[in-house]
Amino acid sequence: MSTFSPFQSPDGTETDYSRKLNVSSTHAAAAREKGNLSVSRTPLSLWALIPICAVAVAAGGYLAGNVGWGPNLQGYNAVPELPGGEGNGPPPLSPYDPKVWVAKGKAEYGTVCISCHQGTGEGQPGQYPPLKGSEWVLHGEERLISILLHGISGPLTVNGKSFNGLMPPQGGAKNDAVIGQIASYVRNEWGNTGSLIYDDQVKVVRAKLASRTSPFSEAELKQIDPEGNLPPSKRNAAPAEGAAPAAGGPAPVAAGAPAPAAAPAAASAPAPAK
Amino acid sequence: MSQDDQNQHSPEVTQEDILQRAAIDKSTRLPVLFFFTSAAAWLLVATLLGLISSTKLVAPGFLGIEWLNYGRSQPAFLNALLYGWAFQAGFGVMIWLMARLCRSELKNPITLVVAGHFWNLGVTLGVGGILAGLGTPMKWLEFPSFAWPILLISYSLIVVWLVVMFTARRRGHVFISQWYVLAACFTFPWLYLTANLFLNVMKKSGVAGPAIASWYANNILFLWLVPVGLASSYFIIPKIVGKPIHSYQLATLAFWGLVGLAPWTGAQDLVGGPIPALIPAFAGTAQVLLLIPVIAVAFNHYLTVRGQHGLVELSPSLRFTFFGSIGYVVVSVMAAGLSFMTVARYTAFSYTQDAVAMTGIYMFFTMTMFGAIYFIVPRVTGCEWLSGARIRFHFWGSAYACIAMCVLLLAAGFSHGAAIDEWEKDLQSAIIFSRGYLIGRIMIWLFLAAANFVFLIHLALMVMNRGRLAGTPTLIHQPHEDQAEPVIITEGIKA
């Protein structure tokens, strides 16, 4: 057996590097151990009782705080009220929130309008006129609503191209809110930007045209003021300030109502739907 | 038990005692070294997985393999650490302690090694299954459902011999450590079978599932890791200090307090959740009351070591064990504090759960096991650790990492929990909010990897019989001239 070991301790202070096995070294660890283990019977220290009692009191407090002493043992934890109102989630969005209003318009657009005007808003060349960039869509709130309510018949020039067809009236099938949502959507999609139109504004137009039974012709439409906006809606007062951070989607311009007048109304407006 | 205790007061060590100890150590050599080495190998795997998973949370594209996604590498890491490293290190310590304290040589080392191979098979299948995407979502039970029978059977095969050894012990030898080892023998099969029957066999989990899983995870910590860790520290501390355990009363209080209260705990993780308030409230109360055994153990250990604190400086076993005992206090205080509703409101489902897991498994259990390994391995190999400097590096690397991990994950948990609490923010932004802490965690894992690597090399050399044969213990520091006296008293050859 070699007496040299390459496995020296870096400490280098040990004296015996022999790798020779011998009884005293293999038993060395056992031999140097302390005596047999024992437990002394020292009485419980009073100092130990202080923290133990403190823990017991804390645990009692915990139990009382979480269960209480009442009959509510089968109940559930009362969750502390978090900011944000009912439930702990965000407060429900108003249906008149611009994002919500336009999103509903998109859904309604998808049910009927999309079949002719297409998802791109470009219509079908020669058959159905485009909505994208169309002056009929972008100018004159009253005129657009009139078209939606009663339709168009006969030749029509849109974006410099002429079309000749029939747009069926929608006023019978769709209520004021849906008409307003669709109008708001087409005014704020495909690069269009325009004001939102709400149901109370549609109601005004519907009342005005109550006696009408046939679709409009181009000539009749031209009699309606191309820049004629409807009286400001009461609906958009609340979301007017919330409209600004609606990033990502279309950035709708709030309808008519001047912002300063809207602000106090916003503060007092009750949330419309719960 | 009383007669047993009275017979223990025989501190004189005879030549016969020494030969008997040596014979017992020799008989346990094969299984103990088997479990220590395979545990250490799993520690390496767990360290790498921990490093990967904590990196993944900061840089999701890192090592862009599906198998290592955070959702897989994180449970794989935790289960490898728990079942691969912690359990197997625990097996080694349990076997050795039981043999030594029953004063009987181990009769069936081969059976234990065979069962150990099956355990390793189960862990390998489990960890591999998690990485392959077959894992379950239940806390600390993420192994795919085919792994649990293997683990349960091999565990039973291992501990049945410890129970047999205990029943056949020489009359008059029941020491505190044996209470805990015996308790640990029975708690794991109970916990594991119950949890798996409910979660993997009946599968009627619903809301009950997370409650059962929380109960299981908390009890693996307090009814398995804690008993095994305490068995080790109740042995190491008086052995090295050379004094009897301070108080039998405190030890009894601590043992029965733990065994009686811990099974109630666990569901406080779900405080405020959709389960009847009664369940988390009782669980939280029990978790707070569990501080009583902690106080008893802390007093007992402190009063036993009192007057000999210099030894913590010198003895690797005592230093690691002492640090682990502090970890026991820390993890218990954390678990109790985090179960208060006012706190849990912010911390539930945040990194504080990782903080409790890492403090329990690493700061307490792993450090205690290191202490035991530094004590046991020289005895079963017959050679001494090569270098005090390596042990010192291992200790400081691990200790700094444990403390930093505990503090960092707690802070991360509070910021994470507060961010989750804000309903305007999505979960991703909550994670990004705690990003600074998560980067810190990667640094800690690098520390731990370095420390564990040194430990593994050191252990491997010992197992290959490349240790020193000097016959003097390897201490963390070579004592100064004026300190030479107490060292000789501590660990000098008596025979």
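I take buried to mean under 20% relative accessible area. The model I am reading is predicted.

**Chain B overall**

I started with the fold of chain B and counted 18 helices and 0 strands. Of its 495 residues, 63% are buried. I then looked at contacts between residues at least 6 apart in sequence; 84% of these join residues at least 24 apart.

**Salt bridges**

I searched the whole structure and found 11 salt bridges over all chains.

B:R441 pairs with B:D354 at 3.4 Å, N to O. B:R441 sits in helix α17 and B:D354 in helix α14, 87 residues apart, so I note a link between distant parts of the chain. I checked burial, and both residues are buried.

B:K139 meets B:D269 at 2.9 Å, N to O. B:K139 is in the α4–α5 loop and B:D269 in the α8–α9 loop, so this pair ties together parts 130 residues apart in sequence. B:K139 is partly exposed, at 24% relative accessibility.

B:R72 bridges to B:E66, with the closest N and O atoms 3.1 Å apart. I list B:R72 as buried because its relative accessible area is 17%, under the 20% cut-off.

**Nonpolar patch**

Helix α4 (residues 109-131) gives the largest share, 5 residues. B:L134 lies in the loop between α4 and α5. I logged B:L134 as exposed, at 52% relative accessible area.

Conventions
Residues numbered from 1 in each chain as written. Chains lettered and ligands numbered in written order. Predicted model: local features only at pLDDT ≥ 70, side-chain atom pairs only at ≥ 80, totals over all residues. Heavy atoms only, no water. Helix = DSSP H or I, 4+ residues; strand = E, 2+ residues; numbered from the N terminus. Buried < 20%, exposed > 50% of the residue type's maximum accessible area, 1.4 Å probe, protein only. Contact = heavy atoms within 4.5 Å. Salt bridge = Lys/Arg side-chain N within 4 Å of Asp/Glu carboxyl O.
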